[in-house]
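Q: Could you show me how to read a few features of a model like this one?

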Amino acid sequence: MPEHEPSSLLFATEVIHWIALGVMVIVYTMRLRWLFSFKAGKDRSAPGQPDKISAKDGGVYSLGNVAMPWAMESTRGGRGFVFWVSFVLFHLGVVAGIGLAFVSTIFPGVLQIPAVAWVVGSTMFCAFLVAVYRFFRRLLRPVMRLISSPDDYFSLLMLICWFALGVVTQAHIAGVERFASESWLIAYLLLTSFFLIYVPFSKISHYLYYPFSRWWIGKALGHRGSYPYSRA
Amino acid sequence: MEMKDRKVQMMEEQLQKKLTRQVVASLVGCVHCGMCNDSCHYVMTHPDDPKMTPSYKADQLRKIFKRNHDWTGSVFPWWVKAGKGLTDDDLDGLKDIAFGTCTNCRRCTYNCPMGVDTATLNRIMRGLLSHVGVMPEGVKVVSKDQWEIGNQMGVLKEDYIDTLEWMSEELAEELGHNRAAIPIDKKGAKIVYVINPREVKYDPRTIKKAALIFFAAGEDWTMVSEGWDQTNFGLFSGDDQLGGTCGKRVYDAMEEIGAERLVISECGHGYRSTRCEAVNWSGEEIKFTMESSVMTMLRYIKEGQIKVDKTKNAERFTFHDSCNNARSCGFYEEPRELIDLVTTDFEELEHNRQEGLCCTGGGGAMSMTEYTPRRLRSGEVKANEIAATGAESIITSCHNCVDGLGDVLKHYKMDVKVTQLVDLVAEALVLDEAQKAPDPVVAEVAAPAEVPAVPPVVAKMDEEKEMPADALRGRRILVVDDEEDVRLFLTTVLEDAGATVFIATDGNEAIEVAQREKPDLITLDLSMPGKDGIEAFTELRKTAGLEETPVCVVTGHPEFRKLIYDRPVTPPEGYMDKPVDEGKLVSNIRRILDLREKRQ
């Protein structure tokens, strides 16, 4: 795809895509308003270790937790670290996929730069592999099966398709002959549009709550002086 | 509407009141990634049971939330596994999950990448169930005692005061003076010391040791006759109202005394509840400082208020972090600093501080006997860790942990003692000469010049104790013991003190002789063939004409103390461990008889 000359179908798809984004923003705004409609829990107890840790310290550390595999026993060493790496790849894939969807409609030329094309494509491919692993992990492990809902399975299946289609779409944008059809991009943008509308109602909206839940738990435990754990 | 639905409705209404932003974030934040799974000691020890995973436990509350508050859950409940709606039949199952498969240790909370506080969610679920009266019988009984009697073990005020006086007497005997006696309700004291009722019932010597440490530090302290129980079953049952009431009792006692500092004896949940949670539950304005006795003892040593000799605790120790002290109150290093000052050989457990594994006794688990087999199985990982340290003793700053670990060690047949820091500090304590010096003689005794040496109080006490070569004259005492040499010893000592002694060799005979002879007091062994002492004691308490006869347990099995106090009858008036000291036997029996007369 040397130039971005959208057909009327592609143009319509891009419009739908942006409308979907608008819907997502509106629903997310409502979600946050809903979350903040609940009263704030307050801890009136005296700080636990005022000389060492404050609520703010706990909150900040908690937000950074995602980038510190050593901070949790569950992501430290062996299997835990591998799981953390897969988590990173999976979420980088999501970022790459969203980037692909929006950049392709605004600055498609960027995605034609070979280095960019390789980074986006390979990241999404890795994320695809992780998503497949996660799907089977959820399906085959009794513990995971017990705690999984149709939403969990569907979200993963959707992401598997989305990552796969994203890799092909990136190849299409990069000009790979075999994927020259514009249909790949149209399909990808339609799937992304569905994704944008579905996400606020599904478990995938966890990333909206993530900063709040981490900040609040970090603050609460930081106030008590128990997090981050620090040797005297 | 049917009754069963009404309970569920009440739970749903109650949930509405518990929803804060933080709680909602934990309810909506779970992505079911399973990362919490490996952090739970129930999962580690029940790998074949997927229902042990923390997110499954929290999902039980999440389902109620989703059906009633979440957009997707209320429209398409099946899509997010919000279930079909609860009925009364489901509540017992929920009770087993919330109370029987989680000790609220909060280990999963620290291992959740989303910051979901699963332990808090489980406590909320417990609270909802308690709100409609669905809870384990043990939790119900203990909560009732705490509501009605003011402490979780139903200790009567007179027994509590009695125990404090008893400990003061023992201290006086050991020190040779009365200056270390436990002050009660001393207005204006700087420190109020509050304890766990378990100490009164099963481990009163921890009170004596704390008193000794306060005395050695020259502290201006007191205990209180009301609001002395620092424990709080509201934390376990999820009942914030009970939690707030228990906290307020202690805070009111502080206000009554006008003290500056509240010192909480070594108890994890008691510390967390009193220091951190009850402030929120009760809404009280706190104007004083609260600390664990661990911090107090550490300060005394660091500031030179007491001296210790660590070589007195020379065996190998390890330390168990109470979940409530550590993960919920940031209390990691203080006990370790103290351990370093009073012991010589210490080895950490593999999982420690923030990552410490539960003792199995947390969350009120010790009161829920129906879950004991599962609880003990969940202790396997802890037992293995303890064994790996090669420690002869495990230290913990929590009474629940003492019981929980004690059970685990016994179950896994490990020869490891459980001890607390108060024991170690008291053992290592070095008193100076002034502290050891006897009381000065009373003015009217004699002019100093005519008294060559000040008669020490110990002599006076011995005199009092022995005063009675005939201290028990005219008393009729029944000695119950299956061991002949013990019977002979007790009989000789008591007869020498002037008592008339009757003998029984087992529980059946004890009741028979007691009915016939109507003794003034019974000394009772617990471990006997046939009807043992525990059964005999219960029967004695229920037999007309004998129910008020004082009983002094004399046993070589201190672990049975719990069993006998757990009986639904008035507890025994005295308790002595074998081997029995001759003097103490007579003085204790005399004391019990005197108290009985005073009450009559």
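A: A residue is buried if 20 or more other C-beta atoms, placed from the backbone, lie within 10 Å of its own. This is a predicted model, where local features need pLDDT of at least 70, side-chain atom pairs count only at pLDDT 80 or more, and totals for chains, interfaces and linings use all residues. Residues are numbered from 1 along each chain as its sequence is written, and chains are lettered from A in the order in which they are written.

Q: Is helix α2 of chain B enclosed or open, and why?

A: Helices are DSSP runs (H or I, at least four residues), numbered from the N terminus. In α2(B), residues 21–29, eight of the nine residues are buried, so the rest of the structure largely encloses this helix. Among them are B:Val23, B:Val24, B:Leu27 and B:Val28.

Q: How do α12(B) and α22(B) cross?

A: Axes are lines fitted to C-alpha atoms over the stretch in contact, with angles from 0 to 180 degrees between N-to-C directions. The axes of α12 (residues 205–216) and α22 (residues 421–428) of chain B come within 9 Å and cross at roughly 50°. That makes α12(B) oblique to α22(B), oblique being what is left after under 35 degrees (roughly parallel), over 145 (roughly antiparallel) and 65 to 115 (roughly perpendicular).

Q: How many residues do chains A and B bring to their contact?

A: Two residues are in contact if their C-beta atoms, placed from the backbone, lie within 7 Å. Chain A gives 45 residues and chain B gives 50. On the chain A side, α8(A) supplies the largest share, eleven residues.

Notes:
Helix = DSSP H or I, 4+ residues; strand = E, 2+ residues; numbered from the N terminus. Buried ≥ 20, exposed ≤ 12 C-beta atoms within 10 Å, placed from the backbone.
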